[in-house]
Amino acid sequence: MENKDDEVKKAQVVEARARNISHNVRCTECGSQSIEDSQADIAILLRKLIRDEIRAGKSDKEIYRKLEEDYGETVLYAPKFDLQTAALWLSPLLVAGAAAGVWAYKKHRQKANVHIMALDLVRSVPLTPKEKETMLDLLTPPPPQGVTPSSLWSRLRGR
């Protein structure tokens with residue numbers, strides 16, 4: 001009885017490993033499906049080959065390597081990281097870095113506003129209080145005009 005239970009467990013392990021590997025291998029005929037999902041003849045043969053290799057005691061890495069040697073690198077869904085695929089793997093980081101650079105540049109440009117520079121200049125020049133007040137009034141931008149929650153509330157209260 002134990003021998004039969006061991007065989008069942010072994011078969012379940014083989015099946016689970018085979019399904020896991022099959023989900024990560026692209027069907028060479030379909031291209032867009034894994035061999036686990038495909039019903040093409042080559043997919044059926046590859047699934048059988050994977051199960052045979054597992055029963056023969058090969059590791060998952062050895063099976064992936066054999067499939068890659070026989071069918072090329074494109075048979076695997078996850079390409080390995082090497083010099084040829086570095087741009088593919090690093091492109092999200094490059095795009096994020098470029099976006100952060102653009103954002104930082106725009107923030108810097110906002111702070112380098114002419115009004116701010118003129119205000120700093122006026123503050124450092126010795127002027128009389130009246131001259132300073134006049135210059136600050138001229139250089140300080142007016143508050144934003146438009147509909148704000150407080151202006152809406154004051155309008156409603158005034159009715």
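**Briefing: helices, core and salt bridges**

Arg19 and Glu15 sit 4 residues apart in helix α1, about one turn of the helix. Their side chains meet in a salt bridge, with an N to O distance of 3.2 Å. The model is predicted, and its chain has 7 helices and 0 strands. The points below cover the overall fold, the nonpolar core, the charged pairs and the surface around a span annotated in UniProt.

**Overall fold**

- Along the sequence, the elements follow the pattern α-α-α-α-α-α-α.
- The chain has 159 residues, of which 19% count as buried.
- Of the contacts between residues at least 6 apart in sequence, 41% join residues at least 24 apart.
- The accessible surface of the chain is about 12,600 Å², and carbon and sulfur atoms account for 60% of that area.

**Nonpolar core**

- The largest nonpolar core holds 16 residues. The residues with the most contacts inside this core are Ile21, Val25, Ile35, Ile50, Ile54, Ile63 and Leu67.
- Helices α1 (2–23), α2 (41–55) and α3 (60–71) are the elements that each give two or more residues to this core.
- Helix α2 gives the most, with 4 residues.
- Ile63 touches Arg17, Ile21, Ile50, Glu53, Ile54 and Lys58, when neighbours within four places in sequence are left aside.

**Salt bridges**

- Side chains of opposite charge can pair when their charged atoms come close.
- The whole structure contains 8 salt bridges.
- In the Arg19–Glu15 pair, Arg19 is partly exposed at 41% relative accessible area, and Glu15 is partly exposed at 28%.
- Arg19 also meets Glu36 in a salt bridge, at 2.8 Å from N to O. Because Arg19 lies in helix α1 and Glu36 in the loop between α1 and α2, this pair ties together parts 17 residues apart in sequence.
- Glu36 has a relative accessibility of 12%, so this residue counts as buried.
- Through shared partners, salt bridges join Glu15, Arg19, Glu36 and Arg51 into one network.
- Arg51 belongs to helix α2. Its relative accessibility is 14%, under the 20% cut-off, and Arg51 therefore counts as buried.
- Beyond its neighbours within four places in sequence, Arg51 is in contact with Val14, Glu15, Ala18 and Arg19.
- Another salt bridge joins the side chains of Arg17 and Asp60, at 2.8 Å from N to O. This pair links distant parts of the chain, with Arg17 in helix α1 and Asp60 in helix α3, 43 residues apart.
- Arg17 is partly exposed at 25% relative accessible area, and Asp60 is partly exposed at 23%.

**Annotated span and surface patch**

- An unreviewed UniProt entry lists residues 86–105 as "transmembrane region".
- In the model, residues 86–105 are 100% helix and 0% strand, and the end C-alpha atoms of this span lie 27 Å apart.
- A nonpolar patch on the surface is formed by Phe81, Leu88, Trp89, Leu90, Leu93 and Leu94. Together these residues have about 680 Å² of accessible area.
- Phe81 is placed in the loop between α3 and α4 (86–111).
- The relative accessibility of Phe81 is 56%, over the 50% cut-off, so Phe81 counts as exposed.

Technical notes. Residues numbered from 1 in each chain as written. Predicted model: local features only at pLDDT ≥ 70, side-chain atom pairs only at ≥ 80, totals over all residues. Heavy atoms only, no water. Core = buried A, V, L, I, M, F, W, Y, C linked by side-chain atoms within 4.5 Å. Buried < 20%, exposed > 50% of the residue type's maximum accessible area, 1.4 Å probe, protein only. Contact = heavy atoms within 4.5 Å. Areas by Shrake-Rupley, 256 points an atom, 1.4 Å probe, with all protein chains shown as cover. UniProt positions renumbered as here; feature names shortened; annotations may be inferred. Patch = residues over 30% accessible without salt bridge, like charges linked within 9 Å, V, L, I, M, F, W, Y side chains within 5 Å. Salt bridge = Lys/Arg side-chain N within 4 Å of Asp/Glu carboxyl O.
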